[in-house]
Amino acid sequence: MAEWDLQWSVSDPDVFVAFSADKHEINLHRLTQEDGDSWQQKDATKSELYLRSRADLQSVKCVAVCPNPNTENILALGLSTGRVVLTAFNSDPSLDKADLVGREIIPKHSRQCTSLTWNPTEHKLLAVSYERHRPDQCLAVYDVYNQVSDRLVKGQVSERTRPQAEFGTQADVVNSVTWLPQNASCLVAGFAGKTLKMFDVRDPSAAKKQLTTKGVYGLVADPLFEHQLASYIEDQIYIWDLRNFDKPVLSIKEARPVSKLEWNPNRKGVLMSLPKESSVVKSYKMEHVSNEVEYTERLLQPRSHHLVANFAMHPSRENNMVVFSPTAGLSSFTVQDIISVNLSPHSACSIATSRNLMYCPSLEESTPEVQSDISLIMRERAVAGYGVQKSLLANIPLLRPEDHMLCKLWEWMSHMRTLKTEEKIPTGKRGFEFYGIRAVIKGEIMITNDDTSNQVVTIPWEGAGDIESKLYRSKERSLALKICSWPVGGQEDVIAEFNNRDFGSCERAACIAVFYLQIRHAIDILKEGAKFMPDQSAHLNAVAMALAGLNKSRTSLWCEMVSDLSRRLDNPYLRAMFSFLTNTEAVSFDGILKESGLLIEDRLGFACMYLNDQQLNEYLDQLSISIIRKGKLDGVLVTGLNKGPGIDLLQCYLDHTCDVQSVSCVMLQTSDLLKEAKVDEWVEAYRRLLDTWRLWHQRAKFDMFLHSTDARKKVPAQTFVNCHFCMNPISPDVLASRNKPLRIGGIGNSALRPKGCYVCKKPLPRCSLCQMNMGTSSTGTVKITQQRRNMNRGQQSNTGGGHKPSAQLLAVCATVHSLIRWGLFLPWDPLTHEAVWGAEGMKLLAIRSSSNGQVKKVMYLIQSEMMHRSLK
């Protein structure tokens, strides 16, 4: 398999040179754009190179493109004889403005040229490496413009080009060479597979720096970072820093041997690596963190599954490279940048890609589509105080109009709490407050100890002659109807409920009246609705006439006409009503129970009245599975808010909407479920979300509501009274744990406070005025130990000030502090050292002793003043 060397032209950004030593091919390719696909075509071949002897083409071993942008594709050809020929893809040397075409570099002795390296800054300097030859050195630097020739006459006349500098010993072999872009006179070379040396062409006598290492192959210098080099040995890549050339700053272990390294000329610190027999090119992004170098690896696959034999990064076009594959040939490849997207807590967005940074302001003022994002909706609710209101119904105005499911959920929770408070409905066996109809029907709610079997009641249709229907009644079904907000009781109670309640629409009210067998009342509702809705009066009157024709016979003609009218109705309640009227056998009620347009509470209420136990349980099981899978919150009437189905329903709702706020706030009302692991995850996720939005006040209110709801989560004590000597806490919890008596009292109370530390037995400090024991130090009331004095001195020296603790302070107990709050006297005046009286302007002097700073007892004056004021 032939190996190709690829090099971009600096003078023409669309041109690169491809060289194969095995095929003796040198081609000039031009990158073109055709039909949207980048591809390469030959712009020139080796036959167009200017050479004095065409035989030299068969002995070319290496090629280097001149980096001078003022020259037009000048090539340096290294031959097997050691000669270096400067040529170009033109046949006339007079067209060369730089006057380089046709020049030759002739070594002293004939030996193969192994590599050519142009200086990227000083374009006249060319580094040439040779095979080992005993008399000569193996690395030479030539000035292609100032060639000096020597003539040696020893029987024959020969000519050679004198190098500007020579490096290495006679026994060395050059493995790789690279110039330092920021230091035009310095180069680094690897010798004999074990040494790296840095030379300066101005002083070639000795190496400036050198070290011993096996990583001497593929030396490349970072063009954008002057101190950084890279090299490799087999499957190990080394990153060097010239400021610390003793050891590599980073070593990268590859899975395969490395065949080529190249720095990205347009990205600082990006190294490209090509493993052998691989279809990927690896990119390493170097980052200097403190004194270490870290990297991020990225895999690039230019030609899908095709192997990559060589590549070359474009010198000016960012992220563009040319790739050679033995099976797919030459192709151009553009590396797609990794896009980094970052969202701020206030929904602002920043997008970083390559060297571009785009900032999008807050999304709150964006399009309506963005306004429907759940994160913005939750933040809007949180700011308004959603979920932490004292009244459950107070959360509904904080919701958007489209959140009707959440509105129904809060209404149902408020309804259940009202039923528990006003009608004294029972609580679930496990203490659940918000239970569903399924739990009621299955007997999980203990209603009474009496027989709870169903009673089949035959009830005549009011206003329809002699028609009768069978209804199922029990205490469980009556409770289920209350949960659905359906009327419960006799016919008079039902009519009264219809007269006092707003069902939302006349069609729904009429349908429920028919379910309760109140035909006359349903006709009146439809007539009344036709008066207030003129646009719908036609079909409402038609429905009322159809109801008026109902009789016991319910002939096939009447049923056919009603069925035809039902198919033309858009309202689901009217369709359900006629489905019930035409169901003469009362065997299947699928037309009602499976009517998705009906509210779930109406379907459940109908099922509780007309289905037997087996049918009702099967229907509730099927409905429970369906609503949990869809995550519909109105299904909470079936599942309730309890362990198992209730949590599963909220989890499916969360999966569909990502509304972690609502499920967390709903769970705040159910203290028995807060201990569940899944519920705890929801609550913690919402608390972290509030922290991310920096809504500290809302987070605090949420936590307060959480702890007030869950009695188990008591906030532990965080502030303790400490002993002034041993610094152990003097707290009720600690005293109780050690069986120490603790009785709190005040003025006029015989109860006692702890007077000493229970660990060191030292007395506690006293109040400066009433001399009652306290837990904080007061002025001169406690003798400070030598250790405490040393500690205070250390604190003073650290703070740099001469402040003396407690020197100008008055330590008072809670009782005296209450006297200050009552206005009996104002706080201590640090200048006059007096406790200043308020109101009448009286003063109580607290005389300080000059010897020990103690304050004399004046409590009797305070008590006298309190008694005097109480008599007034």
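Predicted model: local features only at pLDDT ≥ 70, side-chain atom pairs only at ≥ 80, totals over all residues.

Biologist: What is the volume of the second largest pocket, and which residues lie nearest its centre?

Modeller: The volume is about 610 Å³. Its lining consists of 26 residues, and those nearest the centre are Leu-593, Lys-594, Arg-603, Tyr-619 and Leu-623. Two or more lining residues come from each of these elements: α3 (404-422), α12 (590-593), α13 (600-610) and α14 (613-630).

Biologist: Which element gives the most to that lining?

Modeller: That is α14, with eight residues.

Biologist: How many cavities of 30 Å³ or more are there?

Modeller: The count comes to two. The second largest cavity holds about 40 Å³ of space. Around this cavity you will find Tyr-50, Leu-51, Arg-52, Asp-56, Val-85, Leu-86, Gly-102 and Glu-104. Sorted by class, its lining has four nonpolar, one polar and three charged residues.

Biologist: Now the helices, please. What describes two packed helices?

Modeller: Take helix α8 (residues 519-532) and α9 here: their axes cross at roughly 165° and come within 9 Å. Angles over 145 degrees count as roughly antiparallel, so α8 is roughly antiparallel to α9. The crossing of α8 past α9 is left-handed.

Biologist: Which residues of α8 and α9 meet?

Modeller: From α8 come Ile-519, Ala-522, Ile-523, Leu-526, Gly-529 and Ala-530. They meet Ser-537, Leu-540, Asn-541, Val-543, Ala-544, Leu-547 and Ala-548 of α9. In this contact of α8 with α9, ten residues are nonpolar, three are polar and none is charged.

Biologist: Helix α9 also packs with α11. At what angle do they pack, and how far apart are their axes?

Modeller: Helix α9 (residues 537-548) and helix α11 (residues 572-581) pack at about 15°, and their axes are 12 Å apart. Angles under 35 degrees count as roughly parallel, so α9 is roughly parallel to α11. Here, too, the crossing is left-handed, as α9 passes α11.

Biologist: And which residues make the contact of α9 with α11?

Modeller: On the α9 side, look for His-539, Val-543, Ala-546 and Leu-547. Their partners in α11 are Leu-574, Met-577, Phe-578 and Leu-581. The residues of this contact divide into seven nonpolar, one polar and no charged.

Technical notes: Residues numbered from 1 in each chain as written. Heavy atoms only, no water. Axes fitted to C-alpha atoms, helices over the stretch in contact; angles between N-to-C directions. Helix = DSSP H or I, 4+ residues; strand = E, 2+ residues; numbered from the N terminus. Parallel < 35°, antiparallel > 145°, perpendicular 65-115°, else oblique. Left-handed = near helix turned anticlockwise from the far one by under 90°. Contact = heavy atoms within 4.5 Å. Nonpolar A, V, L, I, M, F, W, Y, C, P; charged D, E, K, R; others polar. 1 Å grid on protein atoms, 1.4 Å probe; cavity = no way out; pocket = protein on both sides within 12 Å on 5 of 7 lines; lining within 4 Å. Points joined across faces, edges and corners; volume = space filled by probe spheres on them.
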